Amino acid sequence: MARLIEATPGGGEQNGVPEKAARFVYTLVWGFARIFSVIALAIAWETLARSGVFTPFQLPALSAVLERIWTDAVSGDLWINTALTLYRALVAFAICAIGGVIIGMAMSRNVLAHWFFDPIVSVGFPMPKIAFLPVVILWLGVYDVSKITIIVIDAIFPVIAATVIAIQGVERELIWSARNMGASNRELLHQVILPAALPQIMTGLQVALPLSLIVAVVAEMLMGGYGLGGAMMTASRFANSTSVFAGIVEIAVAGYALVKAMALIRRRLLIWHQETAEPFTQ
């Protein structure tokens with residue numbers, strides 16, 4: 001019995017404290033290992049910038065860049081620009097998520113929709129959609145509507161493709177079983193097809209989200225105005241190298257936060273799926 005208690009996690013007071021300490025140390029070491037490359041890059045950046053190999057204009061020190069970010073945060077410019085960029089990216093992403101899933105479902109379930117949209121998706125997916133930017137500017141100007149439009153044009157294709165592939169990949173046996181049990185078309189779609197296709201649809205959404213942010217920044221750089229991309233181009237015109245690198249860091253942090261948030265949403269939505277299950281160990 002004593003051996004059984006000792007082998008059980010937290011099975012005794014003497015064994016519980018060392019086990020918790022070991023878990024804490026393991027979590028701490030693993031957390032440091034996950035960000036080690038970022039820390040190494042930051043140290044290399046600061047060291048290289050202060051070594052004299054590059055001028056401060058070519059490569060400002062990371063400490064100076066962080067100081068610039070802090071100044072922008074205190075003045076409020078950082079929050080305004082970040083909020084505008086995220087607003088454009090997230091609004092466009094929402095349109096892509098809803099529209100892309102609907103179009104993908106229609107293409108998978110309706111012959112006429114597939115006939116109409118398939119050539120458009122086949123031609124539009126591989127081409128660089130940023131080429132439509134001059135047309136969008138001519139039609140809609142250089143304000144939020146045009147920026148959101150070019151993001152949607154670019155980011156909706158991965159969602160459509162992922163939805164089509166996911167629905168077409170649903171096991172026929174599941175559909176036949178639901179049909180034999182008397183499921184209607186609506187029930188079949190909502191209770192069988194969409195849940196089975198959701199993991200791959202979420203993959204398409206995870207591709208579209210950072211793509212929305214990328215295109216938002218590029219559109220701001222080319223169209224000007226407020227936003228992280230616009231602020232970087234303004235700093236570049238005034239030869240403010242520190243602010244340009246500050247914009248790069250800000251965009252990297254915003255992108256990382258979006259990707260992690262999307263991964264968390266995926267885990268919550270797919271809590272029933274095997275990919276979120278804890279690995280079995282003995």
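How much space lies in the largest pocket? About 440 Å³.

This is a predicted model, in which local features need pLDDT of at least 70 and side-chain atom pairs count only at pLDDT 80 or more, while totals for chains, interfaces and linings use all residues. Residues are numbered from 1 along each chain as its sequence is written, and side-chain values use heavy atoms, with hydrogens and water left out.

**The two pockets**

Rolling a probe the size of a water molecule over the atoms shows where empty space is left. Here the search runs on a 1 Å grid over the protein atoms alone. A pocket is an open set of points where a 1.4 Å probe fits, with protein on both sides within 12 Å along at least five of seven lines. Lining residues have an atom within 4 Å of a point. Grid points are joined across faces, edges and corners, and a volume is the space filled by probe spheres set on the points.

The largest pocket holds about 440 Å³ of space. It is lined by 15 residues, and V38, L41, A42, A252 and V253 are the closest to its centre. Helix 2 (13-34), helix 3 (36-50), helix 4 and helix 12 each give two or more residues to this lining. Helices are DSSP runs of H or I, at least four residues long, numbered from the N terminus. The lining of the largest pocket has 12 nonpolar residues, one polar and two charged. Nonpolar covers Ala, Val, Leu, Ile, Met, Phe, Trp, Tyr, Cys and Pro; charged covers Asp, Glu, Lys and Arg; the others, Gly among them, are polar.

The second largest pocket has a volume of about 340 Å³. Its lining counts 20 residues, with D72, D77, N81, A231 and S243 the closest to the centre. Helix 4, helix 5, helix 11 (228-237) and helix 12 each supply at least two of the lining residues. Helix 11 gives the most, with six. By type, this lining divides into nine nonpolar, seven polar and four charged residues.

**Salt bridges**

How many salt bridges does the structure hold? There are four. A salt bridge is a side-chain nitrogen of Lys or Arg within 4 Å of a carboxyl oxygen of Asp or Glu. Three of them are listed here.

| Pair | Distance, N to O |
|---|---|
| D72 and R68 | 2.9 Å |
| D144 and R88 | 2.7 Å |
| R88 and E220 | 2.7 Å |

D72 and R68 both lie in helix 4 (residues 62-75). They are four residues apart, about one turn of the helix. D72 is buried, with a relative accessible area of 13%. Buried means under 20% relative accessible area, exposed over 50% and partly exposed in between, with a 1.4 Å probe and protein chains only. R68 is partly exposed at 27%.

The side chains of D144 and R88 meet at 2.7 Å. D144 lies in helix 8 (residues 144-168) and R88 in helix 5 (residues 77-109), so the pair ties together parts that are 56 residues apart in sequence. D144 is partly exposed, at 25%.

R88 also meets E220 in a salt bridge. This pair links R88 in helix 5 with E220 in helix 10 (residues 185-223), 132 residues apart. Both R88 and E220 are buried. R88, D144 and E220 are linked in a network of salt bridges.

**A residue in helix 12**

V259 lies in helix 12 (residues 241-269). V259 is partly exposed, with a relative accessible area of 41%. V259 and V207 are 52 residues apart in sequence, and their C-alpha atoms are 9.3 Å apart in space.
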